[in-house]
Amino acid sequence: MYYNIQNIPLTDLAKQFGTPLYVYDADKIIEKIAILRDSFKNVNLKIKYACKANTNLSILKLMRKHGVEIDVVSPEELRLAMMAGFEGSQITFTPSGVSFDEIELAAELGTRINLDNLDVLEKFGKQYGNTKGALIRLKPHVFGGGNEKIMTAHPESKFGISIHQKEEILEIVNKYDMKIIGLHQHTGSDVKNADAFTQAATAILDIASNFKDLEIIDLGGGFKVPYKDGDSVTDMAEVGEVLSNAFLEFCKNYGRELQLWFEPGKFLVSEAGTFLATANVVKTDPIKTFVGINSGLNHLGRPMMYGAYHDIFNASNQDETEQNEYRVVGYICETDTFSWTPEGKQGERLMNKVSAGDIIAIKNAGAYCFSMASQYNSRLLPAEVLVIDGEAKLIRKRDTFDDIVRNLVSVEI
């Protein structure tokens, strides 16, 4: 168990910035970027950070500093990317079922756009013809992902245009002489091995020869990260070798070198994040012992939404001679248990003895945690800190009550 980030004790961070608190380790993000690049060192690789995982401006700037480009899914993420210094050509807009005015905005700003349904493909072709290049998001009919809610390429998924609609796609593309510069797919999240990636890549590459202007094959992301000791992860060496070989063979047959894109989100930031909360109470019940912390599903909703497992430990007590089973719960008026089991059920965690006031640390809190947080129960959003070059820097202030009421309009009742 780690009790510090870049030699700064977690308890010191909690004392300096208060809790609840998100802390991100810049070194871990940089390490993950290097691993991905090394896994695909034989191809023309471009990493596009799926920023929906964590949109903090400082995280986006860190990505840009290390040569990572960005994938956005909303006009607001697009504006954040530009605030972080990304140019339109470095931004990919990958929406799902949005109104066409969002597509137009992205086109005006010079971003690369993923078109994910036949209707928007038709509208884009009619409006822009071959004056603006676009990517098409395909649905390869592949099952891959750690949870049904995060599988995005199977036949019933809302994402992408089915590969079985190839003829309709080509009819629209030819009708408007569209310039299709790339094909895209995203299998899902927490994909463990190369099989699902290979199946999806095969489906995409089979259809790719029908498009004459390709510059990009985009295979999405979804690499599995570890949530506990001994957890299975994506074999990046295997995935890199298998997909690189298939991609290079396709480029050879296609007649020119293309770029291979990936859009990792969780893979780059999940393990970098640690969530710190304070134990408000240790409640001994005839059946269980509860640790109630000063946070809840409003700040970290993944366990409640997905049954997700996050490692939890007592950052204030390193003495392992006395340990107990604790169910770690939040302060929201819902069942907001943090200590779910690997099987996706509410459970307990074996932890060093917990007392009221101890700092409870939750690992793998860098992705889809703060970005999914809310003000539910009119609770304040937590602060965020980035540890970079051995120094802890505040990168988001804690909410105040003014933030709760900022946009309310009082009317006479």
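Helices (H or I, at least four residues) and strands (E, at least two) are DSSP runs, numbered from the N terminus. Please keep in mind that this is a predicted model, in which local features need pLDDT of at least 70, side-chain atom pairs count only at pLDDT 80 or more, and totals for chains, interfaces and linings use all residues. Residues are numbered from 1 along each chain as its sequence is written, and side-chain values use heavy atoms, with hydrogens and water left out.

Let's begin with the backbone. Pro-20 sits in the loop between helix H1 (10–17) and strand E3 (21–25), and the peptide bond joining Thr-19 to Pro-20 is cis, with omega about -5°. Gln-6 belongs to the loop between strand E1 (4–5) and strand E2 (8–9). Its phi is near 50°, a positive value in a residue other than glycine. Ser-378, in the loop between strand E18 (359–362) and strand E19 (383–388), also has a positive phi, near 55°.

Are these two residues buried or exposed? Buried means under 20% relative accessible area, exposed over 50%, and partly exposed in between (1.4 Å probe, protein chains only). Gln-6 therefore counts as buried, at 17% relative accessibility, whereas Ser-378 counts as exposed because its value is 54%.

Now turn to helix H9 (residues 236–254), where you will find Glu-241. Leu-243 is found in helix H9 too. Glu-241 has 53% relative accessibility, so it counts as exposed; Leu-243 has 2%, so it counts as buried. Which residues does Leu-243 touch, leaving aside its neighbours within four places in sequence? With contact meaning heavy atoms within 4.5 Å, the partners are Phe-40, Phe-197, Thr-198, Ala-201, Leu-219 and Phe-262. As for Gly-357, 114 residues apart from Leu-243 along the chain, the two C-alpha atoms are separated by 49 Å.

Finally, the surface. Leu-109 lies in the loop between helix H5 (100–108) and strand E7 (112–115), and its relative accessible area of 35% makes it partly exposed.
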